[in-house]
Amino acid sequence: MGRRKTRNIFWGILFLLGALALLLGKLGYLNGMGFWSVFISVILAGFLINGILRRSFGGILFSLAMLIIINDELLHMEAITPWPVLGAALLGTIGLHFLFPGRR
């Protein structure tokens, strides 16, 4: 299977899961999450998984940071969002690049 087809399948499944999450949210199973936070979280989860598969430190850490920022109330992390989380993602990315220079 080609790389493009695999990528299309990945994103297609991810968007179907996003549709399911939206329906579950409207039915009251995902309390505290609105349409946009679910939609953006699904996209960011896709970038996170893509970063893990590509072994991209920046992709992983910044996707996690954005997920934390979007869902800070749900995670009870309002005190450290947005700038400390983004700063930690930046410094973590730089540090990992120094420790593992052959990686992206």
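**Helix packing around α3: close-up views**

**View 1. Packing of helix α3 (residues 57-70) against helix α5 (residues 83-99).** In this predicted model, the two helices pack at an angle of about 165 degrees, with their axes 9 Å apart. Helix α3 is therefore roughly antiparallel to α5 (angles over 145 degrees count as such). The α3/α5 crossing is right-handed, that is, the near helix is turned clockwise from the far one by less than a right angle.

**View 2. Residues in the α3/α5 contact.** Helix α3 contributes F57, G58, L61, F62, A65, M66, I68 and I69, and helix α5 contributes V85, L86, A89, L90, G92, T93, L96 and H97. Contact denotes heavy atoms within 4.5 Å. By class, the α3/α5 contact has 12 nonpolar, four polar and no charged residues; Gly is counted as polar.

**View 3. Packing of helix α2 (residues 35-54) against α3.** The angle between α2 and α3 is about 160 degrees, and their axes lie 8 Å apart. This makes α2 roughly antiparallel to α3. The crossing of α2 and α3 is left-handed, with the near helix turned anticlockwise.

**View 4. Residues in the α2/α3 contact.** From α2, S37, I40, S41, L44, A45, F47, L48, G51 and I52 meet G59, I60, S63, L64, M66, L67 and I70 of α3. The α2/α3 contact comprises 11 nonpolar, five polar and no charged residues.

**Notes.** Residues are numbered from 1 along each chain as its sequence is written, and side-chain values use heavy atoms, without hydrogens or water. Local features need pLDDT of at least 70, side-chain atom pairs count only at pLDDT 80 or more, and totals for chains, interfaces and linings use all residues.

Methods: Axes are lines fitted to C-alpha atoms, for helices over the stretch in contact, and angles run from 0 to 180 degrees between N-to-C directions. Helices (H or I, at least four residues) and strands (E, at least two) are DSSP runs, numbered from the N terminus. Angles under 35 degrees count as roughly parallel, over 145 as roughly antiparallel, 65 to 115 as roughly perpendicular and the rest as oblique.
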